[in-house]
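Reader: I would like to go through this model term by term. Please tell me what each word rests on.

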Amino acid sequence: MIENRLKASFDKYFNAPIEVWQAFEILCEPMQFKKNEILKHANESEKYGYFIVKGSCGVFIWKENNYVCLDLMFEDSFFADYMSLITNEVSPLETIALEDCELLRISKVNIQKLKETPYGMLLFLISAESTFVEKQQQQIDLMLKTAEQRYLDLLEKHPNIILRTPQKHLASYLGITTQSLSRIRRKITSV
């Protein structure tokens, strides 16, 4: 059942009763997106939040004639262009399906309904806090860890990432060139 997956994915932050996730699921609609389909275009405002049932997605920004990958998400992850979703403003971020995906989509209107409940308000506060901490840790890692260390960390969290995510997106997410990523991968496999 999807409500169990929703709950399990969030329990590390806050253990809400299953009824909360059943109510959440009712406010969502199942969606399917094809590989490379754009969920939210750059310079538009975000209208939805998503939960990945199957597949993977990325958040990108266009810079100097290239996409820069800011985030990668896989099964049992919540995501959106949070900046746009929260501020109701357009943003330069674009969200793209990196594989064929099955997602739960919740509209901004239904997010607001959920936020009007005590548990819903708490879930969104905890989600915002955890997202902030994760993004700050990502920035710290970019400053203090080598590209190889960041790659090994990513492999530990997502062992099949190499098979599922194009090398150019992995390299961009790690803040390196595809050539540097190839060297790191060769070094690791030769050890």
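Author: What follows is a set of questions and answers on a predicted model.

Reader: What makes up the secondary structure of the protein chain?

Author: The protein chain has nine helices and eight strands.

Reader: How do you know that the radius of gyration agrees with a compact globule?

Author: The chain has 191 residues, and a compact globule of that length would have a radius of gyration near 16 Å. The protein chain has 17 Å, so the value agrees. Along its principal axes, the C-alpha trace spans about 50 × 35 × 30 Å.

Reader: What share of the contacts joins residues 24 or more positions apart?

Author: Among contacts with a separation of 6 or more, such pairs account for 70%.

Reader: What share of the residues is buried, and what does the accessible surface come to?

Author: Buried residues make up 39% of the 191. The accessible surface of the protein chain comes to about 11100 Å². Carbon and sulfur atoms hold 56% of that surface.

Reader: Turn to the sheets. What is the strand order in the sheet that contains S7?

Author: The order is S2-S7-S4-S5, an open sheet of four strands with antiparallel pairing.

Reader: Why are S2 and S5 called edges?

Author: Strand S2 (38-40) and strand S5 (66-73) each have a single partner strand, so one side of each is left without a neighbour in the sheet. On average, neighbouring strands of this sheet are turned by 35 degrees against each other, direction ignored.

Reader: How do you know that S4 pairs with S7?

Author: Pairing needs at least two bridges. Five bridges join strand S4 (residues 57-63) to strand S7 (residues 93-97), so the two strands pair. They run antiparallel. Isoleucine 61 stands opposite leucine 93 in S7, and glycine 58 stands opposite isoleucine 96 in S7.

Reader: What makes S4 and S5 partners?

Author: Seven bridges join S4 to S5, and the two strands run antiparallel. Lysine 63 stands opposite asparagine 66 in S5. The hairpin of S4 and S5 has two residues between the strands, and there glutamate 64 takes a positive phi near 50 degrees.

Reader: Which helix lies across S4 and S5?

Author: Helix H8 (residues 167-174) does, and H8 runs at about 85 degrees to S5.

Reader: What is the strand order in the sheet that contains S8?

Author: This open sheet of four strands has the order S1-S8-S3-S6, with antiparallel pairing.

Reader: Why do S1 and S6 count as edges?

Author: Strand S1 (28-33) and strand S6 (78-79) each have a single partner strand, so one side of each is left without a neighbour in the sheet.

Reader: How do you know that S3 and S6 pair?

Author: The cut-off is at least two bridges. Two bridges join strand S3 (residues 48-54) to S6, so the pair meets the cut-off. S3 and S6 run antiparallel. In S6, phenylalanine 78 is the bridge partner of phenylalanine 51.

Reader: Which helices pack on this sheet?

Author: Helix H1 (residues 2-10) touches S3, S6 and strand S8 (101-107), and its direction makes about 105 degrees with that of S3. Helix H2 (residues 18-26) also packs on the sheet, touching S1, S6 and S8. The direction of H2 makes about 60 degrees with that of S1.

Reader: Which strands does S8 pair with?

Author: S1 and S8 pair in the antiparallel sense over six bridges. Methionine 31 stands opposite leucine 103 in S8. Six bridges also join S3 to S8, again antiparallel. In S8, arginine 105 is the bridge partner of tyrosine 50.

Reader: Why is S8 called mostly covered?

Author: Five of the seven residues in S8 are buried.

Reader: Now the cysteines. How many disulfides does the whole structure have?

Author: A search finds zero. Cysteine 57 is in no disulfide, and its nearest cysteine sulfur is that of cysteine 101.

Reader: Why is cysteine 57 called buried?

Author: Buried means under 20% relative accessible area. Cysteine 57 has 1%, so cysteine 57 is buried.

Reader: And what makes cysteine 101 buried?

Author: Cysteine 101 has a relative accessible area of 3%. That is under 20%, so cysteine 101 is buried.

Technical notes. Residues are numbered from 1 along each chain as its sequence is written. This is a predicted model: local features need pLDDT of at least 70, side-chain atom pairs count only at pLDDT 80 or more; totals for chains, interfaces and linings use all residues. Side-chain values use heavy atoms; hydrogens and water are left out. Axes are lines fitted to C-alpha atoms, for helices over the stretch in contact, and angles run from 0 to 180 degrees between N-to-C directions. Contact means heavy atoms within 4.5 Å. The radius of gyration is taken over C-alpha atoms; the globule rule is 2.2 Å times the number of residues to the power 0.38. Buried means under 20% relative accessible area, exposed over 50%, partly exposed in between (1.4 Å probe, protein chains only). Accessible areas come from the Shrake-Rupley method with a 1.4 Å probe; for residues, only the protein chains shown count as cover. A disulfide is a pair of cysteine sulfur atoms within 2.5 Å.
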